[in-house]
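Me: I'd like to learn how to read the packing in a model like this one. Can we take it feature by feature?

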Amino acid sequence: MMRRFARFLFPNLFASAICLLLPREAAAHLPTIGLGPVYDGVLHLFLSPEDLIPVIALALLSGQRGAPFGRRSLWLLPLAWFAGGMLGMFTGSGRGATLTFVSFLLLGGLVAAKARISLAVLTVAAMLLGCFHGYLNGAGINRYDDGTYALLGLSLAVFVVVALFASLVVPLREQWAQVAVRVAGSWIAASGLLMLGWAVRTAS
Amino acid sequence: MKSLLKSWRTTSASRLLAPLFIALCYAQAAEAHVNKGEGVSFLSGFKHPISGLDHVVAMIAVGLWGAQLGAPAIWVLPVAFPLVMAFGGMLGLLGVPLPGTEFGIAASAIMLGAAVMLKLRPPLAVAALLVGFFAIFHGYAHGSELPPGESGLLYSLGFVIATGCLHAVGITIGLVNRGTWGQRAVRFAGAAIALTGVFFLYKVVS
């Protein structure tokens with residue numbers, strides 16, 4: 001009996017000892033997802049509603065006003081996002097993150113009201129949105145590592161989101177579909193209003 | 001050593017257990033502290049309006065009334081309601097006292113249900129004002145009950161989307177408001193909502 005137990009125990013102890021000599025990095029708080037910096041940036045947008053929703057709101061607003069407005073946002077917003085990100089990466093402190101409610105409130109309100117804004121106003125809105133959110137993203141990125149690639153991924157993801165949502169809204173003609181877009185804007189603005197309350201509550 | 005290796009090869013139990021030992025020794029990254037429960041925040045916000053019958057009946061009444069009134073009320077009410085409700089939610093988050101919140105919520109079911117039952121057709125501004133007034137009480141209840149430690153944004157998104165979905169349910173039910181029997185069915189639903197409101201009012205008073 002003892003012999004059979006020893007024959008069972010010792011080989012396994014031996015194998016276990018060898019395995020214990022091959023330590024792996026524990027990395028219990030691993031900050032990266034292992035997909036590379038570009039995909040880190042892409043995923044960041046889709047996993048961060050505070051960034052994703054204002055992009056969708058601007059795309060909806062552009063789509064409501066027509067194809068030329070959509071094209072303006074499509075190219076300008078990713079570029080402004082990248083520029084703001086580079087600025088934030090080298091100079092940013094990450095302060096001002098609580099002000100993201102402004103993007104929700106303004107863009108959501110404009111979509112809900114189906115505001116007939118001019119191309120110049122949309123251009124300014126896209127630049128401000130891109131620079132502000134890009135700056136906040138850049139401030140959280142490691143400038144000495146692959147931060148530029150992460151920003152590139154982020155900007156590409158912004159491009160894709162604007163392209164998808166603006167092209168979805170531009171051809172809408174039915175009243176119910178246009179109302180659905182306005183309701184979405186109303187939800188975004190409502191969330192912004194609540195974020196304002198949340199920010200004040202947290203600050204106080 | 002040689003005998004150990006021999007026994008290693010011949011023992012069937014060892015063959016089964018060795019991979020398990022090896023797997024246990026190769027510990028992978030735990031990543032035990034990621035995401036900060038954000039999914040829970042969205043779900044708890046989403047569940048808040050639909051888990052309380054008082055909110056559910058009032059939201060459906062808004063949709064039904066919008067469907068009865070037709071355009072433009074059918075889209076003005078669902079667009080305006082979340083915004084005013086969010087204003088009430090902000091008051092709740094800030095801790096601004098709003099007396100009689102539960103009374104207002106019960107009254108909303110009574111008034112909106114009665115409006116559907118009686119098929120009232122006030123001017124659009126009056127309907128929007130009435131709906132907006134009651135929306136403040138519903139929003140206040142949501143905002144003041146934000147659980148500690150949750151993500152404010154995701155909780156807000158959850159309950160705004162849930163509220164909108166309840167409006168959509170009301171509007172969809174209201175689509176039967178075309179034939180005679182359909183109109184009666186909608187008015188009957190309004191009466192049921194008003195009665196539910198009376199029940200909630202009784203609970204508040206008692």
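Reply: In chain A, residues 24 or more positions apart account for 89% of the contacts with a separation of 6 or more. For chain B, 89% of contacts between residues at least 6 apart in sequence join residues at least 24 apart. Keep in mind that this is a predicted model, where local features need pLDDT of at least 70, side-chain atom pairs count only at pLDDT 80 or more, and totals for chains, interfaces and linings use all residues. Residues are numbered from 1 along each chain as its sequence is written, and chains are lettered from A in the order in which they are written.

Me: How many helices and strands does chain A have?
Reply: Helices (H or I, at least four residues) and strands (E, at least two) are DSSP runs, numbered from the N terminus. Chain A has eight helices and zero strands, while chain B has nine helices and zero strands.

Me: At what angle do the axes of α3 and α7 of chain A cross?
Reply: Axes are lines fitted to C-alpha atoms, for helices over the stretch in contact, and angles run from 0 to 180 degrees between N-to-C directions. Here α3(A) (residues 49-65) and α7(A) (residues 147-169) cross at roughly 40°, with axes coming within 8 Å.

Me: Which classes of residue make the contact of α3(A) with α7(A)?
Reply: Ala, Val, Leu, Ile, Met, Phe, Trp, Tyr, Cys and Pro count as nonpolar, Asp, Glu, Lys and Arg as charged, and the others, Gly among them, as polar. This contact has twelve nonpolar, three polar and no charged residues.

Me: Which residues have the most contacts inside the largest nonpolar core?
Reply: A nonpolar core is a set of buried Ala, Val, Leu, Ile, Met, Phe, Trp, Tyr and Cys residues joined through C-beta atoms within 7 Å. Buried means 20 or more other C-beta atoms within 10 Å of a residue's own (exposed: 12 or fewer; partly exposed: in between). The largest core has 114 residues, and Ala61(B) and Leu112(B) have the most contacts inside it. Beyond its neighbours within four places in sequence, Ala61(B) touches several residues, including Leu112(B), Val116(B) and Ile193(B).

Definitions and conventions. Contact = placed C-beta atoms within 7 Å.
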